[in-house]
Amino acid sequence: MDYKIIATILTDMQQPTEGLDAAIALADRMNAHLDIYVVTISHTETHNYYLGGEAVTMVEETKAAMEERDKLEAWVKRRMTGELVLWSMQAATVQGPAMTDYLARKLRFSDLVVLPRPYQDNPETATLVEACLFAAERPVLMIPKGCKAPDMGGHILMGWNDGAEALAAARAAMPLLEQAEVTDICIIDPPQHSAERSDPGGAMAQYLMRHGTKSEVAVLAKTEPHVGNILLRRAREVGAQMIVSGAYGHSRLREAVFGGATRSLLEMADRPILMSR
């Protein structure tokens, strides 16, 4: 099983390039088509200007965003020169509130979206990740600074709680799990009266085995307030090159935002992390 359509998004010239680099590497390995979306954003807010000033400011902001888009397009063309992967590029400039709907329409036909890890230098990235996960409903592989796409044959850690989000993440990560040497199914403080109380993680281990993937189950105590800390510590202990986790969030004013566990994991991740919901 491989990803056949991989997408990545660029929003400005200062955005870290790890997401694009990893997307290229994965597309090359899996013989996938790479869709590159260049999306610059005009951040003009309405109702904050004197009469007539709003239109003038909007024109100026939009012009600057379009100029940034043109620079990014030219940079991408130079960057992709000599690359052997099949790729295409779509460029657009949108008003801030329209970005989520734009990405939802474009990315729904992708198998995987690869982005820089949010909460680093680029303030747009967290919004992009939320749009991909909650609006486009696509799995996202996030690459921290200094990291690259996970290699074949490495160790992968999967956070598992028998929930729908965790199962969706496992399914979305299957092309990478099938290439891994071993998958560490990590269960933190399982409830005593759950359906899996006699064999926590057993059903998931069987599921992975039937996909030809070797796995191990680790049941850990919740010794820290944030689940993200425990997953990262375990990943370092076993040398996992990637973490797979469900994405948890809630609606606030009709916009999806990350829940505490997801946000804390993203803020601290020092290795690629794949999330889905």
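This is a predicted model: local features need pLDDT of at least 70, side-chain atom pairs count only at pLDDT 80 or more; totals for chains, interfaces and linings use all residues.
User: Which strand does E1 join through three bridges?

Analyst: That is E4, and E1 and E4 run parallel. Ala 7 turns up here too, standing opposite Val 113 in E4.

User: What is the strand order of the whole sheet?

Analyst: Read it across: E3-E2-E1-E4-E5-E12-E9-E6-E7-E8. The sheet is open, has ten strands and shows mixed pairing. Strand E3 (86-95) and strand E8 (215-220) are the edge strands, each pairing on one side only. On average, neighbouring strands are turned by 25 degrees against each other, direction ignored.

User: How many bridges join E6 to E9?

Analyst: Three bridges join strand E6 (residues 155-159) to strand E9 (residues 242-246). These strands run parallel. Leu 157 stands opposite Ile 243 in E9.

User: Now the helices. Which strands does helix H4 lie across?

Analyst: Helix H4 (residues 125-135) lies across strand E1 (5-10), strand E4 (112-116), strand E5 (140-143) and strand E12 (273-276). Its direction is about 170 degrees to E4.

User: And which strands does helix H7 lie across?

Analyst: Helix H7 (residues 202-210) lies across E6, strand E7 (182-188) and E8. H7 runs at about 165 degrees to E7.

User: Back to E1. Why is E1 described as largely enclosed by the rest of the structure?

Analyst: Count the buried residues. Five of the six residues of E1 are buried, so the strand is largely enclosed by the rest of the structure.

User: How are side chains arranged along a regular strand?

Analyst: In a regular strand they alternate between the two faces of the sheet.

User: Is Thr 40 buried or exposed?

Analyst: The cut-off for buried is under 20% relative accessible area. Thr 40 has 2%, so Thr 40 is buried.

User: Which side chain makes a polar contact with the side chain of Thr 40?

Analyst: The side chain of Thr 93 does, at 2.9 Å.

User: Which residues does Thr 40 touch, not counting residues up to four places away in sequence?

Analyst: Thr 40 touches Thr 11, Ala 65, Met 66, Glu 68, Arg 69, Leu 72, Ala 92, Thr 93 and Val 94.

Definitions and conventions:
Residues are numbered from 1 along each chain as its sequence is written. Side-chain values use heavy atoms; hydrogens and water are left out. Two strands pair if DSSP finds at least two bridges between them. Helices (H or I, at least four residues) and strands (E, at least two) are DSSP runs, numbered from the N terminus. Axes are lines fitted to C-alpha atoms, for helices over the stretch in contact, and angles run from 0 to 180 degrees between N-to-C directions. Contact means heavy atoms within 4.5 Å. Buried means under 20% relative accessible area, exposed over 50%, partly exposed in between (1.4 Å probe, protein chains only). A polar contact is a pair of N or O atoms within 3.5 Å; within protein, one must be able to donate a hydrogen and the other to accept it, and residues adjacent in sequence count only if both atoms are side-chain atoms.
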